[in-house]
Amino acid sequence: MAFVMQVAIVLFMAGTLLAMGLGLTMAEAAAGLSRRGLLVRALVAGFVAGPALAWSIALVLPISTQHATGLYLLALAPSAPFLPGVAERAGGTRPETAAVMLVLSVATVVILPFAVPLIMPGVEVSPAAVARPLVTLVIAPLALGIAVRRWNPALAGGLRTPVAHGARIAGGVLLVLCLVRYGRDFLSLYGGFGFLALLLFQTGLSAAGIIAGRGLPDTERTVLTLAMTTRNVGASLTPLVATAQMSGGA
């Protein structure tokens with residue numbers, strides 16, 4: 001089951017970002033990256049407010065070390081792979097969504113590997129081992145999609161729908177497998193402070209997104225808030241996967 005879950009994570013994350021890139025022109029990508037106010041606020045909310053919120057919750061609530069570690073990892077991985085679809089339905093535009101995802105993903109690739117020793121004391125894992133899957137699953141598929149769109153728009157248009165469908169199927173399979181494998185652990189959060197910690201974390205992230213988006217156009221505020229309230233679970237799991245692989249190879 002673990003192998004199937006790893007395959008599903010790869011197909012879901014890479015497929016979602018590839019589909020997004022296939023529908024994005026260079027002009028649209030450049031237009032999104034020109035929204036400096038939006039991108040700066042996204043970085044501050046994502047990598048200052050998010051980690052501060054997780055640290056505060058872990059400090060106040062008597063949650064386990066494992067739950068606290070999970071919060072810290074999630075705090076450093078804003079913007080889920082399914083953000084494009086959600087943002088589009090909520091009124092966000094593709095260029096803004098792509099720009100926010102790209103900037104937050106690059107920041108995650110840079111920050112998360114060096115944060116792991118602080119989050120998981122005693123765990124020996126190289127920054128490169130953590131960064132490698134992030135680059136492979138997040139940045140590379142998006143860049144590849146944009147390149148294909150520029151090189152052959154017709155091919156990109158034909159590939160986008162089946163790639164997006166495949167990513168959604170992989171996401172559904174991943175959800176089912178997670179419920180089967182970790183459903184009991186998730187239910188164990190009820191009755192303790194773990195569930196309350198998650199609830200406070202999500203509520204705080206939503207508030208951070210709303211506050212950071214004040215004064216921005218509606219489309220940008222929508223993308224920013226959704227980017228803060230969604231988490232890239234696959235990216236946050238890469239330190240654990242890298243640690244397991246290094247332990248297995250030792």
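Predicted model: local features only at pLDDT ≥ 70, side-chain atom pairs only at ≥ 80, totals over all residues.
Local features need pLDDT of at least 70 and side-chain atom pairs count only at pLDDT 80 or more, while totals for chains, interfaces and linings use all residues. Residues are numbered from 1 along each chain as its sequence is written, and side-chain values use heavy atoms, with hydrogens and water left out.

**Surface patch**

- Phe-3, Val-4, Val-7, Leu-11, Ile-169 and Val-173 make a nonpolar surface patch of about 560 Å². Patch residues have over 30% relative accessible area and no salt bridge, with nonpolar side chains (Val, Leu, Ile, Met, Phe, Trp, Tyr) joined within 5 Å and like charges within 9 Å. A salt bridge is a side-chain nitrogen of Lys or Arg within 4 Å of a carboxyl oxygen of Asp or Glu.
- Helix H1 (2-22) and helix H8 (153-187) are the elements that give two or more residues to this patch. H1 has the largest share, four residues. Helices are DSSP runs (H or I, at least four residues), numbered from the N terminus.
- Val-173 is found in H8 and is partly exposed, at 37% relative accessible area. Partly exposed lies between buried (under 20%) and exposed (over 50%), with a 1.4 Å probe and protein chains only.

**Largest cavity**

- There are two cavities of 30 Å³ or more. A cavity is a set of points on a 1 Å grid over the protein atoms alone where a 1.4 Å probe fits but cannot get out, and its lining residues have an atom within 4 Å of a point.
- The largest cavity holds about 50 Å³ of space. A volume is the space filled by probe spheres set on the points, which are joined across faces, edges and corners.
- Its lining consists of Leu-24, Ala-29, Leu-33, Pro-95, Ala-98, Ala-99, Leu-102, Leu-142 and Ile-146. By class these are nine nonpolar, no polar and no charged residues. Ala, Val, Leu, Ile, Met, Phe, Trp, Tyr, Cys and Pro count as nonpolar, Asp, Glu, Lys and Arg as charged, and the others, Gly among them, as polar.
- Helix H2 (26-33), helix H6 (94-119) and helix H7 (127-151) each supply at least two lining residues, and H6 gives the most, with four.

**Second largest cavity**

- The second largest cavity has a volume of about 40 Å³. It is lined by Pro-78, Ser-105, Thr-108, Val-109, Leu-134, Val-138, Asn-232 and Ala-235.
- H6 and H7 are the elements that give two or more residues to this lining; H6 gives the most, with three.
- The lining divides into five nonpolar, three polar and no charged residues.

Technical notes. Areas by Shrake-Rupley, 256 points an atom, 1.4 Å probe, with all protein chains shown as cover. 1 Å grid on protein atoms, 1.4 Å probe; cavity = no way out; pocket = protein on both sides within 12 Å on 5 of 7 lines; lining within 4 Å.
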